[in-house]
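Subject: Structure handover

Hello,

My notes follow below it.

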Amino acid sequence: MDLVEREQELDELTQVLTASVAGTGGAVLVSGGIGCGKTELLEALRVRAEQEGFLVLAAVGCWAERESPGGVLGQLLRYADAPWSTELLAGLDSGGCAPEAERRTLDPATTAALHQLCTGVLQAAEHRPILICVDDVQFTDAVSRHWLIQLVGRLRSSRVALALAECVLTRPTDPRLRAELLRLSSYRRIALQRLSPAGVGAVLGRHVDPDVAAVLAPQVYEVSAGNPLLVRALIEDHRNADPQPTIGARLAVGEAYGDAVVSCVLRGRPVLMRLAEALAVLDDGADLTNLPERLLDDDEPATVRRGLDVLDAAGLLDRGRLRHPVAVAALRSTLPAHERVRLHRRAAELLYSDGAPPTRVARHLVAADHRLVPWALPVLRAAAERHLVDNRAADAYACVEMALRVCDDENLRVPLKALLASAAWLLNPSMSVRHLGDLADALREGRLGDRHGLILAKYLLWHGRFEEAAEAIERIAARDGDSDPAGSTEARATQEILSSSYPALVSSRLPAADRSAVGQRAARDPRIRSAAALSSLLTGGDEETAVADAEAGMRAMRLTKKSQEALMCAVATLQFADRLPAAASWCDHWLAEARAWQVPLWEAEFGSLRASIALRQGNPLLARQLAEAALKQVPLESWGVCIGGPLANLVQAVTDTGDHEAASSYLEMPVPEGMFKSRFGLYYLHARGRFQLEAGRPHAALTDLTTCGQLMTSWGFDRPSLVPWRAEAAQAYLLLGDVPRARALAREQLALAGPRASRTRGMSLRALAAVSPPGERASLLTEAVEVLRGCGDQAQLAQALGDLGCLHYQSGRPARARPLVETAARLARACGARPILRRLPLEAGSARPGAADPAEQVTRVAALSLLSGAELRVAALAARGHTNREISQRLCITVSTVEQHLTRTFRKLGVKTRSDLPEEMILDMAVAG
């Protein structure tokens, strides 16, 4: 048999066989923890004995059969190849029995039968040596144990070898049997240890690739503590999870390991199982001093302590706790529901009496599920508040939900509902909706504090319940009396956060910021500083100051329930100030923290914010991935009015990659009407307007873009770095032939963008170039390229380079145009911007199928000069997909006139269909005219 780190022990056992053959019978006792390989060692000895001609008699003790007289003895002799065994066993059966707990002496008949059995075995051994193996000897019944004691006393001059294996359990092997064994000069005791780390590696090496074994061995040893039974189970789990593990594989711990743990525990006395189950119930990573003994009221403390030693010897414990969560789950699953509830209730009582932290007591109160004692309510509330501080929203929700089940005092229920809403909010904002009405009533009646009231206002705004939110804000603002400093800070932070997202409502309802000494102290709070930075930037404040305040605030904060929204404001400040690398770095940091805390709402919100930054960096593929993940974290209906953020990111991302079908499907998703009263509605209007523009619907695009602009202006948020609506509106007017209005909007956006080299200025320069005469475009586009090179937006840079390259082609300078267009194409491919690629005049070697050659496009420019102004205007609208009737209505001419203009245009340009019209060149000629 293939054994690891058992060679020396097997040699010692073999020496006993050798001595027995020579007529010097001997005995050996193998001791070890549960699952440490005693059975395998005895089996290896049995195989070797049979090979050497021994008659092997084997039996296994069992706790359930410990009071069945002669149970082990019957296993040894009934199936042996010896005619005398049946007769002797029959004599034993007629001789009565000695139950487990009875006297130490036997009746004469039983004694005589046992002596006859001993004599029969010894006589049989004269003809053929005999090996007697008894596994789990500690569970041997009283009659069989008496026989073993008699046999040991007659082994010295026999050809009988006795190999016993005992498990170090709460009930040791009978001391009389041990005493008799010690009288034998040939007696040996072997203490079997668990495998070493090297031994675990050797076992693994026989089942997986050696290199993989070297990587997995430390992990397997950590989980199994070298218990061979658990090592084999872990190998099985890992094979099931990964049939062909690689060097970088992580250990999979699964069902086989859990079954092996339960098997280990079941091999002991029932108290061992009760103890293991109690440890599984208590498992919370805290100190368990004296708790297991007190939890098992029916068992003696000394027995429980011995049981802990047994579990530790088997490698199931690590510093007094179960070694792995799979072991905890497996043992918990063995508990009947009523027993699990009883253990949790008893654990809660003991921990409460010991003054344990509320969070630890509450875990057991929640698991106990019902019939809670009066002291449970304040403990559950304190635990919920602690969990919220520690960002453990699910635990907080469970505590408050349990507290509400047992609380019948309405005044106490109000703050509990506020806590429940806060916890539910972090898990899924929709879960808090059912409590908002009750909380609004409590605020109206003066039963809800201001701090909870401000949070309530935020929840109401999120869900679009603006009138209720406005009433809540007004009531808080109208209350007399000085607030405590903490309350003042909380109110100011909430005010700043809300004012940047719901400007129309909050600015008219909340009082002006506190400028007193108390207000100045509060303003130094990093949450207020970060949120105020965004409000200041959006309303035209100093950009450098806002950026400095945002970064200083983030350096002073960690991610918590109270700081999360302020951190979002700080990152948004960097984003709207066109500090995209810094914004991306900070957002990645907070997104990683949100994932570590496993708070779905935080992860979704930071993910959506990171998607919007990715769009500004010209990476629509990443933006789509992040935005889709955000909507999976928090479902559509739970976003409230803030759904405008992730939906806008998705629409813009798929529009930028040319996936118009996906954009249409996203725009069909229902959105709350209240969204358009928040900052998030601006993003949605802008994204939808851009899609309409790309889809050839300039009228619809203008409706969305101008509505967005009107809202921004009315809120005092008219900053192009927030939403550059004028650039797209200018393009829409250009498509409609209204060049003066297009040019006016582009110039206005450039003026608002300011002189600093920024992404917004680069975009504005490109927008102005598109609506300027050809002679002015080169300088504008050249500056746009230079500005955008240092701003990180690859898509905008690709468009500016492409525009400049096209301009050079049209001007007959292909040598200057070619590298610009090639660079633009490379950038567009890298960011997945297919619409940009389609508009580039790529050369034959790198062009898309059907793309025009640059020389051909230059020829078309000459042909376009033959078109009249009326023909150009009609051709421009036709190139964008308008029907003849739509063109006639827009230009106030008849459908017949439209058809005549198009016929002449097709003939002059040498094309046959509208899809062949050179859209970009026609627009350029229209602007120049």
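A polar atom of the D141 side chain lies 3.1 Å from the backbone nitrogen of V72. That is a polar contact (N or O atoms within 3.5 Å; within protein, one must be able to donate a hydrogen and the other to accept it, and residues adjacent in sequence count only if both atoms are side-chain atoms). The D141 side chain also reaches the backbone nitrogen of G70, at 2.7 Å.

Before going on, the ground rules. This is a predicted model, in which local features need pLDDT of at least 70 and side-chain atom pairs count only at pLDDT 80 or more, while totals for chains, interfaces and linings use all residues. Residues are numbered from 1 along each chain as its sequence is written, and side-chain values use heavy atoms, with hydrogens and water left out.

Back to D141. It sits in the loop between β3 (130-135) and α6 (142-152). Helices (H or I, at least four residues) and strands (E, at least two) are DSSP runs, numbered from the N terminus. D141 counts as buried, because its relative accessibility is 2%. Buried means under 20% relative accessible area, exposed over 50%, and partly exposed in between (1.4 Å probe, protein chains only). Setting aside residues up to four places away in sequence, D141 touches E65, R66, S68, P69, G70, G71 and V72. Contact here means heavy atoms within 4.5 Å. C62 is 79 residues from D141 in sequence, yet their C-alpha atoms are 8.7 Å apart.

**The sheet**

Five strands form an open sheet in the order β2-β3-β4-β1-β5, and the pairing is parallel. The edges are β2 (55-60) and β5; each has a single partner strand, so one side of each lacks a neighbour in the sheet. From one strand to the next, the twist averages 15 degrees. Axes are lines fitted to C-alpha atoms, for helices over the stretch in contact, and angles run from 0 to 180 degrees between N-to-C directions.

Strands count as paired if DSSP finds at least two bridges between them. β1 (residues 26-32) is joined to β4 (residues 160-167) by 7 bridges, in parallel. G32 has C167 as its bridge partner in β4. On to β5 (residues 188-192): β1 pairs with it over 5 bridges, again parallel. There, V28 stands opposite R188. β3 and β4 also run parallel, joined by 5 bridges. C133 faces A163 of β4.

How many residues of β1 are buried? The count is 7 of its 7. Both faces are covered: G26, V28, V30 and G32 on one side, A27, L29 and S31 on the other. Helix α5 (residues 108-127) lies across β3 and β4, at about 135 degrees to β3.

α22 (residues 450-462) has 10 of its 13 residues buried, so the rest of the structure largely encloses it. Among the buried ones are L454, I455, L456, Y459 and W462. The expected span is 1.5 Å times one less than the number of residues. Just after α22, G464 has a positive phi of about 75 degrees.

α27 (residues 526-538) has 13 residues and reaches 19 Å from first C-alpha to last, close to the expected 18 Å. D525 caps its N-terminal end, with a side-chain oxygen 2.8 Å from the backbone nitrogen of R527. The buried residues of α27 include R527, I528, L534 and L538. Just after α27, G540 takes a positive phi of about 95 degrees.

**Another buried loop residue**

S678 lies in the loop between α34 (660-667) and α35 (679-694). It is buried, with a relative accessible area of 0%. A polar atom of its side chain lies 2.8 Å from the backbone oxygen of M675. Beyond neighbours within four places in sequence, S678 is in contact with S501, Y502, V641 and W715.

**Overall numbers**

The protein has 48 helices and 7 strands. Of its 929 residues, 56% count as buried. Among contacts with a separation of 6 or more, 69% come from residues 24 or more positions apart. The accessible surface is about 38600 Å², with 51% belonging to carbon and sulfur atoms. These areas use the Shrake-Rupley method with a 1.4 Å probe; for residues, only the protein chains shown count as cover.

Best wishes
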